Amino acid sequence: MQPRVYDEQFLFAAVVILSMTLIFYSVGVWSERIQGRLKGWHVVALGLGVVCNFAGTTFMGELARLLGHANCLHTVLCSISIFLMTLHAVWAFWTFRKGAVKAKYFFSRFGIVVWSMWLILYIVGIYMGIGSGV
């Protein structure tokens, strides 16, 4: 099925929101890692990344379902990614408020792993979208 104008606008919104996820989450993860210290604005950036990821993934999933391009494996992996990003953001809040030095060390490493996983899914999603002609 070919996308309609509405579908293309929906796709554009999803791509913009998911790109905002890339920006917010990358800034949160990497600035914390580079600065070596978790700050309040890092927690906010991570939280905004999670919200954008949830919204963008929801939009993209609905569009894929409507166009008949749904991929169950990608959907499951994206759901796991949202869960891990949410866990990371909650851990960031907790670590910022009360965390010990050891917790901050593992927090930073976990963030890189979650970010890497999300980035792979982001790139795979782009490839799948290009391959499907959407």
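Setting aside residues up to four places away in sequence, Ala-92 touches Leu-38, Val-43, Leu-46 and Phe-107, where contact means heavy atoms within 4.5 Å. The model is a predicted one, with local features needing pLDDT of at least 70 and side-chain atom pairs pLDDT 80 or more, while totals for chains, interfaces and linings use all residues. Numbering runs from 1 along each chain as its sequence is written, and side-chain values use heavy atoms, without hydrogens or water.

Ala-92 also turns up among the residues that touch the most other members of the largest nonpolar core, which has 16 residues. Such a core is a set of buried Ala, Val, Leu, Ile, Met, Phe, Trp, Tyr and Cys residues joined through side-chain atoms within 4.5 Å; buried is under 20% relative accessible area, exposed over 50%, and partly exposed in between (1.4 Å probe, protein chains only). Helices here are DSSP runs (H or I, at least four residues), numbered from the N terminus.

His-88, in helix H3, is buried at 1% relative accessible area. Beyond its neighbours within four places, His-88 contacts Tyr-25, Val-29, Leu-46, Phe-107, Phe-110 and Gly-111.

There are five aromatic pairs, counted when ring centres (six-membered ring for Trp) of Phe, Tyr and Trp lie within 6.5 Å; planes under 30 degrees apart are stacked, over 60 edge-to-face, the rest tilted. The Trp-30 and Trp-115 rings sit 5.3 Å apart, centre to centre, with planes at 90°, so this pair is edge-to-face. Trp-30 is partly exposed at 32%, whereas Trp-115 is buried at 15%.

Note on methods
Helix = DSSP H or I, 4+ residues; strand = E, 2+ residues; numbered from the N terminus.
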